[in-house]
Amino acid sequence: MSVERVRAYLARFGKDDCVQEFDVSSATVELAAQAVGVIPARIAKTLSFQIGEGAALVVCAGDAKVDNRKFKDTFGTKAKMLHGEQVAELTGNAAGGVCPFALGDRPVKTYLDRPLQRFDTVYPAAGSANSAVEMSCAELETCADHFSGWVDVCKGWEA
């Protein structure tokens, strides 16, 4: 089970006891916000994109949308989201539970989007469509597997 793999991974950082599992789905920003009891913007959604032969994960605030121009300027390619089997194959998690943890040796780089820094803590998924873990942005940066830097590729959160 992916959530157990994530819990074991987060144990290295002392965050395994912080993983929350819900009796309801947290597969979308809205559902996750309801399950956790926070505003949707504090949900740290992990979006997966095809970059060359591998993938890039961009963890962004729940109220943000990818800005295609910013994405291309940052990554040198169009924003092409992974789908279905590609998501599971390249991230180890099914859609709705994709997270930046326990990626192993997969060809994935993880980026965090700057608007997350508006919040003291955020809630990324923890490997399943009914889990989350509360973290500060500093903890998220430390714990994110294959962390490759902070980026600014989103829009819509300013309003």
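The buried residues of helix α1 are covered by elements that include β1 (19-21), β7 (131-133) and α5 (137-143), where contact means heavy atoms within 4.5 Å. The model is a predicted one, in which local features need pLDDT of at least 70 and side-chain atom pairs count only at pLDDT 80 or more, while totals for chains, interfaces and linings use all residues. Residues are numbered from 1 along each chain as its sequence is written, and side-chain values use heavy atoms, with hydrogens and water left out. Helices (H or I, at least four residues) and strands (E, at least two) are DSSP runs, numbered from the N terminus.

In α1, which spans residues 2-11, the buried residues are Ser2, Val3, Val6, Tyr9 and Leu10; buried means under 20% relative accessible area with a 1.4 Å probe, protein chains only. These residues line one face of the helix, because they fall within an arc of 120 degrees when viewed down its axis, the arc being that of the directions from the helix axis to the C-beta atoms.

Turning to the rings, the whole structure holds five aromatic pairs. Rings of Phe, Tyr and Trp (its six-membered ring) pair if their centres lie within 6.5 Å, and planes under 30 degrees apart count as stacked, over 60 as edge-to-face and the rest as tilted. Tyr9 and Phe101 make a tilted pair, 6.4 Å centre to centre with 35 degrees between the planes. Tyr9 sits in α1 and Phe101 in the loop between α4 (84-91) and β5 (108-113), 92 residues apart. Phe101 has 0% relative accessibility and so counts as buried.

Phe49 and Phe71 are both buried, and together with Phe75 and Tyr111 they form one aromatic cluster.

Conventions
Buried means under 20% relative accessible area, exposed over 50%, partly exposed in between (1.4 Å probe, protein chains only).
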